[in-house]
Amino acid sequence: MRILALLLIFWSSLPGAQPVPAAVAPVVLLSQSGALGPAHADYLRRGLDKAAALKAQLVVIQMDTPGGLDLSMRTVIKDILASPVPVASFVAPNGARAASAGTYILYASHVAAMAPATNLGAATPVSLGPQPAAPREPAASRDKSGTDNAPSSAQAMLNKQTNDAAAYIRGLAELRGRNAEWADKAVREAVSLSAQEALKLNVIDVVAADVPQLLKQLDGRKLSVLGQERRLATAAAEIIDIQPDWRTRLLAVITDPGIAYILLMIGFYGLLFEFYSPGLVAPGVIGGISLLLALFALQLLPVSYTGLALIALGVGLLVAEHFAPGFGLLGLGGIVAFVIGSVMLIDTDAPAYRIPWPLIAGVTLASAGFLLVVLNFALRARQRPVVSGREQLLGATGEVIVNPDGSLSASFLGEVWKVRANAPLGRGQQVRVVGIDGLVLSVEPVRPQGEAT
């Protein structure tokens, strides 16, 4: 090895000899597919940290997303802006899109690239719930009396969100030297662009068919990273593909709003059944694990705690209906609170992160069925005869027993009681209980003494 090193040094010192190339830093490839959520933000953050640890020269984020949560989007953008490794966002493969949150991430990246037959844009914030009706005239117009028509609170909130989003993406465009005017239109007018149109309008930097072609086009390009200029040498760089691991996949599953909602319900009802029937163990174990997973997922999602409290109240009222039947009023109130809380639970404007209405309807019907079963059991219990205590003895019939000392007793329901009566009684005579005085029963003959057997 020492001889080889000496030969290399000698060769590089000869006139006209080419210098021996140094090792080329690798390129890290990350993938973002589907709606952007907490799991994807965590995966991209750890991917950027891994790229910095590997001293990579570039991170390529291959995207195909319809948008996602605003909080997750801003987390990813903060990580990109703070990354010591330059980031190239690449909308690929053919047919992919970077809508809504994807457009912001594209603007925040050091390099914005797209594959042919892809598109970006439509970055207008979507309000949670039904949109207010669009006014026929501008809000600033005056009516016949000369008074300004003030916009509704819902419209004012939508305008506030739109202005905030437009200012945010314009700031990213100015930071990267991209078309800020079109970025503003993407937010305010929900416009979209194809790859070639985006390249012409200076929205993106490169159009490439795949990642290898993208790296060839970026070879030799200078980028500013945290105030320092970097020159890329990506033509022959090694590509390290970091795929989502089991942790990311688990987070992606449990942070799905529908899955988190189901886990929450399993947790509630599992613990409820365990309280009803202590010692079953399985409902309590399954319910406890499900409830903890649901709470972990919900703390990563934009949750309305009012909605969560309403769901808990609804379940509590259903439980109260079981212990203190109120002819269905408690249960009905519980179902109403349950439905309202389910609708309010996820507080976001991203359609992909709302709890599906069919799921809410199914769980509500199951809860209503549970309520009907409880009421049916309660009504049956009211109609059954009493099988224990004082009420069980009243009206019971038994047989007279004469004790050795001449006192009378009687056998009722397998028990021997002292008795007294206003009429003479004989051995074996059938008597009926008409009263209870301490440990002595007042009885009367079922039939006259002469008919006793």
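Visitor: In which sense do strand β2 (residues 58-64) and strand β3 (residues 87-91) pair, and over how many bridges?
Guide: Strands of a sheet pair through backbone hydrogen bonds, either parallel or antiparallel. Here β2 and β3 pair in the parallel sense, over 5 bridges. Within this pair, I61 has S89 of β3 as its bridge partner. Two strands count as paired if DSSP finds at least two bridges between them; strands (E, at least two residues) and helices (H or I, at least four) are DSSP runs numbered from the N terminus.

Visitor: What should I know about the model itself?
Guide: This is a predicted model, in which local features need pLDDT of at least 70 and side-chain atom pairs count only at pLDDT 80 or more, whereas totals for chains, interfaces and linings use all residues. Residues are numbered from 1 along each chain as its sequence is written, and side-chain values use heavy atoms, with hydrogens and water left out.

Visitor: In what order do the 6 strands of the open sheet stand?
Guide: The order is β8-β5-β3-β2-β1-β11, with parallel pairing. At the edges are β8 (206-207) and β11 (239-241), each of which pairs on one side only.

Visitor: How many residues of strand β1 are buried?
Guide: Buried means under 20% relative accessible area, exposed over 50%, and partly exposed in between, with a 1.4 Å probe and protein chains only. Strand β1 (residues 27-33) is mostly covered, with 5 of its 7 residues buried. β1 runs parallel to β11, joined by 3 bridges, and L29 stands opposite D241 in β11. β1 also runs parallel to β2, joined by 7 bridges; the bridge partner of L30 in β2 is I61.

Visitor: What is the hand of the crossover from β1 to β2?
Guide: With the strands pointing away from the viewer, a path from the first strand over the helix to the second that runs clockwise is right-handed. From β1 the chain passes through helix α2 (residues 38-53) to β2, and this β-α-β crossover is right-handed.

Visitor: At what angle do the axes of α2 and helix α9 cross?
Guide: Axes are lines fitted to C-alpha atoms, for helices over the stretch in contact, and angles run from 0 to 180 degrees between N-to-C directions. The axes of α2 and α9 (residues 246-254) come within 8 Å and cross at roughly 160°. That makes the two helices, α2 and α9, roughly antiparallel (over 145 degrees; under 35 is roughly parallel, 65 to 115 roughly perpendicular, the rest oblique). The crossing of α2 and α9 is right-handed: the near helix is turned clockwise from the far one by less than a right angle, anticlockwise being left-handed.

Visitor: Is V76 buried or exposed?
Guide: V76, in helix α3 (residues 70-82), counts as buried because its relative accessibility is 3%. V76 and A101 are 25 residues apart in sequence and 10.0 Å apart in space, C-alpha to C-alpha.

Visitor: Which residues does UniProt list under "transmembrane region"?
Guide: The unreviewed UniProt entry lists residues 250-272, 279-297, 303-320, 327-346 and 358-379; such annotations may be inferred rather than shown by experiment. In the model, residues 279-297 are 84% helix and 0% strand, with end C-alpha atoms 29 Å apart. Residues 303-320 are 89% helix and 0% strand, with end C-alpha atoms 26 Å apart.
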